[in-house]
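Hi,

Here is the model I promised to send over.

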Amino acid sequence: MTGVTALQQAFIPQYGLDLAGGTTVTLSPITPNGTSPSQESLDLAVNIIRDRVNGTGISDAETVRAGDNIVVSVPGKGQEEVIQLVGTTAELRFRQVLAVAPAKMDAAVPTDAPTPSSTPAASSSPSPEPRASTSANPTVSPASHSLSRKGDPEPSATPSPGATDRDKREDGRKQKSQRQDTDDDGEGENDGKATASPTPTPSSDPATDPLAGADLTGIEPSLLDEFRELDCTKSDRGQGVQDDPDKQLVACSQDGTARYILDKAVVKGTEVAGATAGVDQTTGEWVVSVDFKSEGATQFSRITGQITSLPAPRNQLAMVLDGVVISAPTIQEAIPGGKARISGSFTQESATRLADQLKYGALPLKFERSSVEEVSSTLGADQLRGGLLAGGLGLIVVVIYSMLYYRGLGVVSVSSLAVATIVTYLSVVLLSENAGFRLSLPHIVGLIVSIGITADSFIVYFERIRDELRAGRTLRLAVELAWRRAKRTILVADAVTFIAAVVLYFLAVGGVAGFAFAMGLTTLIDIAVVFLFTKPMVTLLARLRFFAKGHPLSGLDAGRLRRTDPAVRPTPQEA
Amino acid sequence: MSGATNLLGRLYRGESNVDFVGRQKLWYGLSITLLVLSFAGLFVRGLNFGVEFTGGSVFSFKSASASIEQVRDAVHDTGHEQVIVQQAGEDGWRVTTETMPEGEITRVQRALAERFGLTQNDVSIQVIGASWGGQVSEKAVIGLIVFMVAIIAYLSVAFEWRMALAAVVALVHDLVITAGVYAWTGFEVTPATLLGFLTILGYSLYDAVVVFDMIKEVTARLPATGKMTYTEAANGALNATLIRSLNTTLVAILPVASILFIGTTLLGAGTLKDLSLALFVGMIVGTYSSLCVATPLLVTLKEREPQYVALAKRVAQRRQAQAKAEAAAKAGKASGGTGGGTARQTVGAGRGPSATASKRRKR
C-alpha cells in the first residue's frame, strides 16, 4: 500500500502555489536612485528574509530570488503575518551592551559553558581566549569575540572565502531540509531543548533573576521586564523587528544563546565601508576586519574609547541586524582610524558570515511588496484542471490533424509527440524532486504552446521527404536526403526559439520566467526526440512495404504527391 | 471538382503558385494601412491595462448562488465604491478594487466570505502594487531589445544581415498590429498578455527562419545559372514551403485555441485566457507577415545588390531571346500538335517559374 502511494507520489510533480493554493509575496527592492542593487546584497537579503520566514516556524516556506525581486512562497493560507514580516528593512546598527544574560534562566548561574549549544560561532566558550577572558565576564558572552585595533599583521584574505563558502551553504540550505538550516544558527539544539523539557524547573524561580547583580544604571525600567520575559530559545525571538535607533533595545543573539539589553544606536550600518574575513598571520585564527567611513570612524572611535574601560558587559559593543545581535565583541582598546578587527573563536564560515552581514547588512535595502497573491486551494485546483484539460485537448487536436494530413506518417508524429510528452513529464518530475522545481500555470501554458513547436519539426521533415519523393527518389533515399536538409532547418529554427526562451528567462518578472523555462526545456527535448526517435523511426518505417510501396494510406503515395495532370502522370519509378 | 478542393490538392502536392513577392506593393500597402490603424488605435483609444498594471486588489471566490448585485453590494457595504465585478467561468467571481491598505483587504475578504457562506481561506486575494506593472513592462521592453539584438546577430551569422533585418521588421510589424488589435477591441492587457506578446516573437521568427532557409538553399547558385531572377526564386521557395507554413500555423494555433477555449469557458478571466488570446491574434498576424512582409522585404533588399541587378538583366535578355525563338518556332510549325511538356513550359515562363518548374530544372 505505502509502496504504491510512494510510487504515485514519485511520479507527480510538485505544484506551484497558483495550482496548490497558498500565498506568494513578491518583494521589489527600492534603491535611492532607482538603480538595481548589487547581486551580493540581494543574495544576502534573500538569506536574511529566509531566516526570518523560517524563524516564524512556518514549514515549507520558500524564499527565492527572481531577478531583482525576492519571492516568498508560503503554502497554505492567510499568512498575513508573513506578509508583514518579510518586507521590513534590514539595517545594521552598533549598540553598547548594557546587560547580558544567557538565553534562558536555568543557565544563568554558571560562569562558564553558558549553553549546551555547540554551534561553531559560540562553541569554543569552554576555553575562552585570553583576550576575552580578561574581561572576567560573569556570564560569558556566547559570542566571545573581542574587538581590537586592526594590527599591522594584516589578515591574509583567503582565496575568495566569501563566495564559495556562502554558495555552498546556500546550496545546502536549498537542498537539505530545514533542519540543516536551523542547525546553522544553533536553533536546532535550542528548539530541541525547548520541546524536550519545556519548563526547566529552576527557570521559574524568581531567585535566579537573570539581572541579579547586574548594574542597571541607565537602563529604561520598562525594558527590564521585557528582558526577563524574553526567551531566546524560542524559534520566534524577534527576528525582523525593526529597531528604533534612538531607543534602547532588548534582543537575542543570533544563535539564540544569549539575550541583551542594548543602548541606543551609536553607529549606523551605512557607515560601514567594508568588512572582510581573513586569517591572522601571527595567530592563525579567523578574524573579521571592519572599515568605517569617515563619520562612522569618528563615532566608532568615540564609543570604543568611552566603553573600553567599563566593567563587563558594558565594554561590549553589539552589532544588531534585523533585531538580532549578530556579534557583541568586547572592546579591547579605543579604536581610532576607523579600522577594527573582531577576533575570537571564529571558523571560516562564521567569520565570512559575519563579514557579509556587516558589509551587506549595512545596506539599507528597502523592499516594497509589489505583488501579493493568495490563491485558495479550490481556485488552484480549478486552474490545474483547466491547464491539464487545455493541454490534453491541444494534444488530441494536433494528433487528429496529423493523422488526417499525414496518414501513415501521422503514426510517427503521434508517437514522437507521445515520447516528447513522456520525456517532458519525467523531466518535470525529476526537476521537482531534485531541483525544487514547482509546476505552475505559466509552465503548463509554456508546455502546451510548445506542442506546436515540437510538431513543427516533424512537419519540416515530412515535407522535405515529400519533396524528395516528388523529385522521384526512392523512399529510403528520400528519407536520408530529406533528413540532411531538414536537420539544418530544425536546428536553426529551434535555436531561435531557444534564444527567445533564454532572453525571456533571464529578463523576466514573475510568471514569465516559468513560461520561458518550459519553452526552453521543450525546445531541447524536441531536438533530442527528433534526432533520437523520429528520424530512426522514419528510417525503420521506410523499410516496411506499407510505406516503401507508397500505400495510399501511408501518406507517402508518390503518385498522389506528384500528380499534376493525369495525362502526363509520370510512371512511379521505384514503386 | 470545385476550385477550393483543387487549391487544397495543389497545396498538398506543393504545387501552389501564389505570387506573394510580385504583389509587394499590395502587401506593403495593406501592412502600412494596418500599422497606421494600429498606431491610431494605440493613440486614440489606448490599451486597456489590467489591475496588474494600475495597482489594486482582486478577490476571487466560487459561489453558485451569488449574483453580480449581491457581490457588488457585499463589497459596497465595506465602504469601497470603486468595484468591478466579473463572472469567471461557472460559479467563479472576480472582484477588482482600487488599492487599499493591508487591513482593509482582510476586511473585504472576510466580508465576502461571510456573505456567501465561505471560509476566509476560500476567497483568494491578489494585491498588486502600482509599480509592479511598470516593472513588468520595463523588463519586457529590455527583454525585447536584448532579444532583437541577439536575433539580428544570430541570423546575420546563420544567414545574412538582410534576412535578419527583414525578419525583425516583420516581427515589429506583428507586435504593433497585435497591440493595435488590443487597442481597438479593448481586450485587457495583463502581464500574461505581455507574455503572449513576447512569445509571438519566437513564432514570428520561427516561421520566417524556415522560409529563409529554403530561400537560401534555392538561391545559393542562382547567379551562376542565370535562369531566374532572385524575386522568382524567392517566390518559388515561398511557395514550396507554403504548405509547411500553413501546417505549422495550424498545428501551433490548435493548442493555443484549446487553451483559449478552456480559459474562456471553464476559468473565465485569468492567465490562461489572456495569454492564449495574445498568442492567437499574434500567430495569425505572424503567419501573414512571414509570407507577405518578411520575404517581399528581403527580396526588395536583395534585388538592390549589384549581382542580382545584373542577374535580372541577364534573365530578361535571355527570356526575350527565348520568346523570339519560340515565336519563330511556332510560326514554323503552325499546324503541328505540340507535346504537353512544351505547352506547360511556355505557360510556366509566362507566369514566372513556379516551384515545380524550378525543381524540374534542378533535377
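This is a predicted model: local features need pLDDT of at least 70, side-chain atom pairs count only at pLDDT 80 or more; totals for chains, interfaces and linings use all residues.

Residues are numbered from 1 along each chain as its sequence is written, and chains are lettered from A and ligands numbered from 1 in the order in which they are written.

Let's start with the barrel. In chain A, five strands close up in the order E4-E7-E6-E11-E10, with mixed pairing. Strands here are DSSP runs (E, at least two residues), helices likewise (H or I, at least four), numbered from the N terminus, and two strands pair if DSSP finds at least two bridges between them. From one strand to the next, the twist averages 55 degrees; axes are lines fitted to C-alpha atoms, for helices over the stretch in contact, and angles run from 0 to 180 degrees between N-to-C directions.

E10(A) and E11(A) are antiparallel and joined by three bridges, and Val320(A) has Val325(A) as its bridge partner in E11(A). Helix H11 (residues 294-307) of chain A lies across E4, E7 and E10 (317-321) of that chain, at about 135 degrees to E7(A). For contacts, the rule is C-beta atoms, placed from the backbone, within 7 Å.

Is Met319(A) buried or exposed? Met319(A) counts as buried because 28 other C-beta atoms lie within 10 Å. The cut-offs are 20 or more such atoms within 10 Å for buried, 12 or fewer for exposed, and partly exposed in between, again with C-beta atoms placed from the backbone. Leaving out residues up to four places away in sequence, Met319(A) touches Leu92(A), Phe94(A), Val325(A), Ile326(A), Ser327(A) and Leu358(A).

Now chain B. Chain B has 15 helices and six strands, and 48% of its 363 residues are buried. Among its contacts with a separation of 6 or more, 78% are between residues 24 or more positions apart.

The two chains meet through 67 residues of chain A and 63 of chain B. On the chain B side, H11(B) gives the largest share, 16 residues. That side has 35 nonpolar, 19 polar and nine charged residues (nonpolar: Ala, Val, Leu, Ile, Met, Phe, Trp, Tyr, Cys and Pro; charged: Asp, Glu, Lys and Arg; polar: the others, Gly among them).

Finally, the cores, meaning sets of buried Ala, Val, Leu, Ile, Met, Phe, Trp, Tyr and Cys residues joined through C-beta atoms within 7 Å. The largest has 135 residues, and those touching the most other members are Val445(A), Ala167(B), Leu205(B), Ala234(B) and Ala237(B). H8(B) gives the most to this core, 18 residues. Beyond its neighbours within four places in sequence, Leu205(B) is in contact with Val496(A), Ile151(B), Ala167(B) and Leu171(B). A second, separate core has 51 residues, including Leu147(A) and Ile331(A).

Cheers
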